[in-house]
Amino acid sequence: MTELILIRHGETDYNKQKLVQGLMDNPLNSEGKKQAEGTAHKLKNFNISFDKIISSPLVRAQMTAQIIKENLHIGSDIIIEPGFIERDFGIYEGFPVLETIAKITEEGFTCDQYENDLALKLRVKATALELAKNYPNQRLIIIAHAHAIKALLAETEPKNYNFRTLLSNCSINIFQIDKNIITIKAVNL
């Protein structure tokens with residue numbers, strides 16, 4: 001069994017301003033750095049070891065991963081995994097979340113350059129299963145993004161989770177994969 005500890009990156013100025021980020025490569029702000037340190041402290045309190053730390057290629061995820069890696073003294077390099085990059089929101093990147101959330105989270109919504117729900121869920125699930133195959137019986141910390149994590153939640157338990165599920169910055173979400181079966185163990189810790 002492989003355990004995936006999926007963590008949403010820390011706060012950026014776009015998060016603070018409640019703007020859609022998507023593939024924009026924004027860094028953490030000072031609050032985001034504090035959140036990453038706080039999440040590392042929470043993980044320390046689990047009193048378990050972690051085998052690898054993996055990050056989306058976007059800088060906000062990599063900064064979060066670096067802070068957690070340093071605080072937990074994880075010796076291995078951060079592995080960059082494009083399969084956990086945020087959804088491509090296309091033309092909606094930079095728009096206020098409150099003005100767009102109803103439209104972009106409507107089931108079946110699509111538009112040019114927008115990564116639709118099905119494509120996102122398939123991408124993230126395939127990446128999670130590939131990691132479980134490549135790192136059997138390991139515990140992996142993965143720094144990702146709200147919609148990437150929501151995609152795995154919605155794909156695993158569609159009756160309980162969707163793309164409107166709230167995930168706080170630096171929240172911890174735990175999944176287990178055994179024989180290609182994904183199970184949710186904790187959400188938004």
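**Close-up 1. Arg-123 and Glu-115 are both buried.** Here, buried means under 20% relative accessible area, exposed over 50%, and partly exposed in between, with a 1.4 Å probe and protein chains only. The two side chains form a salt bridge, with their closest N and O atoms 2.8 Å apart; the term stands for a side-chain nitrogen of Lys or Arg within 4 Å of a carboxyl oxygen of Asp or Glu. The structure holds four salt bridges.

A word on the model before we go on: it is predicted, so local features need pLDDT of at least 70 and side-chain atom pairs count only at pLDDT 80 or more, while totals for chains, interfaces and linings use all residues. Residues are numbered from 1 along each chain as its sequence is written, and side-chain values use heavy atoms, leaving out hydrogens and water.

**Close-up 2. Arg-87 meets Asp-117 in a salt bridge.** Their N to O distance is 2.9 Å. Arg-87 sits in the loop between strand 3 (79–80) and helix 4, and Asp-117 in helix 5 (residues 117–134), so the pair ties together parts that are 30 residues apart in sequence. Helices (H or I, at least four residues) and strands (E, at least two) are DSSP runs, numbered from the N terminus. Both Arg-87 and Asp-117 are buried.

**Close-up 3. Arg-139 and Glu-3 form a salt bridge between two strands.** The closest N and O atoms are 2.7 Å apart. Because Arg-139 belongs to strand 4 (residues 139–144) and Glu-3 to strand 1 (residues 2–8), the pair ties together parts that are 136 residues apart in sequence. Arg-139 is partly exposed, at 23% relative accessible area, whereas Glu-3 is buried, at 15%.

**Close-up 4. The largest pocket holds about 590 Å³ of space.** On a 1 Å grid over the protein atoms alone, a pocket is an open set of points where a 1.4 Å probe fits, with protein on both sides within 12 Å along at least five of seven lines; lining residues have an atom within 4 Å of a point. A volume is the space filled by probe spheres set on the points, which are joined across faces, edges and corners. Of the 27 lining residues, Arg-8, Asn-15, Val-97, Ala-146 and Lys-150 lie nearest the centre. Helix 4 gives the most to this lining, with five residues.

**Close-up 5. The second largest pocket holds about 190 Å³ of space.** Its lining includes Asp-117, Lys-121, Tyr-161 and Phe-163.
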